[in-house]
Amino acid sequence: MRKAFFIDRDGTVNVEVDYLHRPEDVILIEGLGEALGKIHAAGYLAVVVSNQSGVARGMYTMQDVKAVEDRICELLRQSGSDVPDAFYYCPHHKKGIVPELAIDCPCRKPKPGMFLQAVRDWKIDPAQSYMVGDRMSDLLAGQAAGCAAGVLVLTGYGKNEQEAARTAGFTTAENLLDAVNGLLKK
């Protein structure tokens with residue numbers, strides 16, 4: 001069985017932009033490349049898991065989501081950095097306007113559907129894996145999937161959720177690199 005770092009995208013991998021869908025708006029969080037290198041060097045997969053309700057809301061398409069993913073990888077490669085091993089998205093939202101996506105699905109965080117799909121696809125042992133994100137819904141999804149630990153980063157929306165995270169027993173870190181450094185010391 002493999003082990004993984006599950007990583008939220010917006011606010012954890014890239015600077016938070018509400019409903020990011022334009023590749024030219026992608027700005028990577030400082031230390032991302034180094035964090036991915038450390039994840040891979042320690043024998044973990046890097047799996048991005050991201051709610052993208054803007055698709056269900058009719059604000060952008062899955063092609064736009066893929067274009068942002070491609071831009072993230074392009075920027076990482078340009079800097080000589082590793083890229084994530086996989087990206088998983090939930091395009092659903094029960095209040096969406098795109099009928100086939102306007103559902104309460106099992107993949108939208110805080111539900112663990114994206115994690116469980118990645119576990120099946122990559123033969124991952126969640127008990128040896130971690131979740132890092134900037135929202136409680138990220139951490140709760142990782143917990144529901146059986147991840148060993150979750151860390152809230154203070155980038156993105158994290159500063160607004162740090163008290164809730166601490167109250168729920170999760171640790172916090174300044175950013176993804178800080179979280180990776182802390183988790184790999186365990």
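Helix α5 is followed by glycine 146, whose phi is positive, near 95°. The model is a predicted one, in which local features need pLDDT of at least 70, side-chain atom pairs count only at pLDDT 80 or more, and totals for chains, interfaces and linings use all residues. Residues are numbered from 1 along each chain as its sequence is written, and side-chain values use heavy atoms, with hydrogens and water left out. Helices (H or I, at least four residues) and strands (E, at least two) are DSSP runs, numbered from the N terminus.

Helix α5 spans residues 136-145. The helix is mostly covered, with seven of its 10 residues buried. Buried means under 20% relative accessible area, exposed means over 50%, and partly exposed lies in between (1.4 Å probe, protein chains only). The buried residues of α5 are Met136, Ser137, Asp138, Leu139, Ala141, Gly142 and Ala145. Their cover includes α4, β4, β5 (149-153) and α6 (158-167). Aspartate 138 has a relative accessibility of 2% and so counts as buried. Contact means heavy atoms within 4.5 Å. With neighbours within four places in sequence left aside, aspartate 138 is in contact with Asp8, Lys109, Phe115, Met131 and Gly133.

Lysine 109 also takes part in a cis peptide bond. The bond runs from lysine 109 to proline 110, with omega near 25°. Proline 110 is found in the loop between β3 (86-90) and α4.

Phenylalanine 115, a contact of aspartate 138, belongs to an aromatic pair. A pair of aromatic rings is described by the distance of the centres and the angle of the planes. Rings of Phe, Tyr and Trp (its six-membered ring) pair if their centres lie within 6.5 Å; planes under 30 degrees apart count as stacked, over 60 as edge-to-face and the rest as tilted. The structure holds five aromatic pairs. In one of them, the ring centres of phenylalanine 5 and tyrosine 44 are 5.0 Å apart and the planes are at 70°, so the pair is edge-to-face. Phenylalanine 5 lies in strand β1 (residues 3-7) and tyrosine 44 in strand β2 (residues 44-51), so the pair ties together parts 39 residues apart in sequence. Phenylalanine 5 is buried, at a relative accessible area of 0%. Tyrosine 44 is buried as well, at 11%.

The rings of phenylalanine 6 and phenylalanine 115 form another pair, with centres 4.8 Å apart and planes at 50°, so this pair is tilted. It links distant parts of the chain: phenylalanine 6 is in strand β1 and phenylalanine 115 in helix α4 (residues 113-122), 109 residues apart. Phenylalanine 6 is buried, with a relative accessible area of 0%. Phenylalanine 115 is buried, with a value of 0%.

Phe5 and Tyr44 form one aromatic cluster with Tyr130. Tyrosine 44 also has lysine 3 over its face, at 4.5 Å from the ring centre. A charge sits over a ring if NZ of Lys or CZ of Arg is within 6 Å of the ring centre and within 35 degrees of the ring normal. The charged end of arginine 135 sits over the ring of tyrosine 157, 3.9 Å from the centre.

Two packed helices are described by the angle between their axes and the distance between the axes. Axes are lines fitted to C-alpha atoms, for helices over the stretch in contact, and angles run from 0 to 180 degrees between N-to-C directions. Helix α1 (residues 32-41) packs with helix α7 (residues 176-184) at an angle of about 25°, the axes being 8 Å apart. That makes α1 roughly parallel to α7. Angles under 35 degrees count as roughly parallel, over 145 as roughly antiparallel, 65 to 115 as roughly perpendicular and the rest as oblique. Leu32, Glu34, Ala35, Lys38 and Ile39 in α1 meet Leu176, Leu177, Val180, Asn181 and Leu184 in α7.

The loop between β1 and α1 holds valine 15 and tyrosine 19. Valine 15 has a relative accessibility of 33% and counts as partly exposed. The C-alpha atoms of valine 15 and leucine 28 are separated by 5.9 Å, although the residues are 13 apart along the chain. Tyrosine 19 has a phi near 55°, a positive value in a residue other than glycine. Tyrosine 19 is partly exposed, at 34% relative accessible area. Lysine 123 likewise has a positive phi near 55°. This lysine 123 is found in the loop between α4 and β4 (130-133). Lysine 123 is exposed, with a relative accessible area of 56%.
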